[in-house]
Amino acid sequence: MSSTSSTYLPNWTIGGADAYAAVPETVAAYGTSAVIIGGERAMAAAGPRIREALAGSPTAVTGSLVAGDEATQEKADELQSTGEVRSADMIFAVGGGKMMDLCKLLAIQAGKVLLTFPTIASTCAAVTRVGVIYHRDHSFSRYVFRERPAEHTFINTDIIAKAPTVYLWAGIGDALSKQVESPFSSRGLDLGHSDRVGVDIARHEADPLFAHGAQALADADRNEATEALREIALNILVTTGLTSVLVKHQFNSSFAHAVYNAHTRMPNVSGHLHGEVVSFGVLVLLTLDGQLAERDRFHGLNASLGLPTRTTQVSVGPERIDEFAERIMDFVRPEEAPYEITYDMVRRALLDLNAYSADHEASPARR
Ligand SMILES: [Zn+2]
C-alpha cells in the first residue's frame, strides 16, 4: 500500500450582509464561468446578491437553475444535460444540505469545480466531501465522495438569520452528534494522524451548542445575525465539516446516523428534518452505550430546545418500536461501533429512552 495521501481542508469566508464581497477574487482562481444552482427560496435569498457581487468581474454567469430540493441521480443527470452546466467551469451550489449533496454528485460526474453558498445552517454538507444521494421516494440511496471538499464556502449570516429558524434548530441537532458518534466509533483504536485530529475536534463539538444554541435560536427568531448565531453557524457548518474531511467515514457518522437512515425507510414518518432525527439517534446511542450521565445531559439540551427525546416525537408510536429497531439494524455497520450491536440492544435502548423521557418535560418541537 502506498504511504502517500493528500488531505484537502475546507476553505471558508464568513460575514454578514457583505459576505459575498470576497466572491470575485476568490473564484477567479478556479475558472471564468459559473452556473448558479439552488432551491427556489435559496435562490431568491442569495441569487441576486451573488450576481451583484460578480457584476463587473471577469466571472461570467452561464445561468441560474432552480433545482428543487431532492438530491437524486435523476436530478443530477437532468442538470448535467443543460447548456448552462455544460458551458460553466464552476458550479455555485446555493441552499441547504440536499442542494450541496446534489451539486457534489453533479460536480463529480460533470468534472466541475464546486463553490458552496449555504443559505441555511442545517448540516455540514457545504464543506464536506461526502454527498448523500436519495431515491425519488426520499429513501436513502447511497453516499458519494468528492476527492476534496468544495473549493470554497461563502457563509452569509445575514441570509442564515433570515431563513426559517427550524433549519438552524435541526442544524444544532446534526452538529451535536459528532461529539458522541466519532469517539464511539473510534473507541479503542490506535488512530493515525488524520483520524486522530478529526476525532479530537469532534470531542468538543457540542460545547458551543450547549453554551450558545438557545441564544442563537432566539436571535434567528428575530432575524438577527448576532455573535451567538455566527458561532453556532460556524459550529454547524465548519467544525463538523473539519472532522468529516479528516476522518474515515465510519469515524464521522455512525449509530445516530444509522437511526436517521433507518427512519427514512419507515412508512408514515415524513416531515422530520435530518438533524432533528439525528439528535434523537444520539440519545438512543448514549442509552445503548450506557453513558447515562452524558445521555441525561444531551437529553436536557434536546428537551430545552424542543429536539426529540422519545420515539413518538419522530412519529414512531409504541406499537412500531420493534419495526424501528429492525430498520435501524439494517443500517448498523460493524466498523462503526466498538462492539457488536444487536437487535435486542437497540430495542432495549429505544424502550429505556422512552421510559426516561416519560419522566422529563420537553419543550415543543419547532417544526
Ligand atoms: Zn448529519
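**Entry 1: two domains**

I began with the centres of domain 1 and domain 2, which lie 26 Å apart when taken over C-alpha atoms. I kept in mind that this is a predicted model. Next I looked up where the domains run: the domain assignment of the protein chain gives 12-162 for domain 1 and 165-358 for domain 2.

Then I asked myself how many residues of each domain are in contact with the other. I found 28 residues in domain 1 and 29 residues in domain 2.

I also wanted the size of this interface, which is often given as the accessible area lost when the parts come together. Here domain 1 and domain 2 bury about 2400 Å² between them, and 65% of that is on carbon and sulfur atoms. On the domain 1 side, I noted A121, F140 and A161 as the residues that lose the most area to domain 2. Together these three make up 21% of what that side buries.

**Entry 2: α8 against α13**

I turned to the helices next. Two packed helices are described by the angle between their axes and the distance between the axes. For helix α8 (residues 177-186) and α13, I read an angle of about 110 degrees, with the axes 8 Å apart. α8 is therefore roughly perpendicular to α13.

Which residues meet here? From α8 I listed S177, E181 and F184, and from α13 I listed F255, A256 and H257. By class, this contact of α8 with α13 has three nonpolar residues, two polar and one charged.

**Entry 3: α13 against α14**

I followed α13 (residues 255-264) on to helix α14 (residues 274-288), where the axes come within 7 Å and cross at roughly 130 degrees. The two helices are therefore oblique to each other. I noted the crossing of α13 past α14 as right-handed.

On the α13 side of this contact I found F255, A256, H257, V259, Y260 and H263. They meet a set in α14 that includes H274, V277, F280, G281 and L288. I sorted the residues of this contact of α13 with α14 into eleven nonpolar, four polar and no charged.

**Entry 4: α14 against α15**

My last stop was α14 with helix α15 (residues 292-305). The pair packs at an angle of about 160 degrees, and the axes are 8 Å apart. α14 is therefore roughly antiparallel to α15. Is the crossing left-handed or right-handed? I found that α14 passes α15 in a left-handed crossing.

For the contact, I wrote down S279, F280, V282, L283, L286 and T287 from α14, with L292, E294, R295, F298, H299 and N302 from α15. Sorted by class, the contact of α14 with α15 holds six nonpolar, four polar and two charged residues.

Notes
Residues numbered from 1 in each chain as written. Predicted model: local features only at pLDDT ≥ 70, side-chain atom pairs only at ≥ 80, totals over all residues. Heavy atoms only, no water. Axes fitted to C-alpha atoms, helices over the stretch in contact; angles between N-to-C directions. Helix = DSSP H or I, 4+ residues; strand = E, 2+ residues; numbered from the N terminus. Parallel < 35°, antiparallel > 145°, perpendicular 65-115°, else oblique. Left-handed = near helix turned anticlockwise from the far one by under 90°. Contact = heavy atoms within 4.5 Å. Nonpolar A, V, L, I, M, F, W, Y, C, P; charged D, E, K, R; others polar. Domains from an automatic or database assignment. Buried area = accessible area lost by both parts, 1.4 Å probe.
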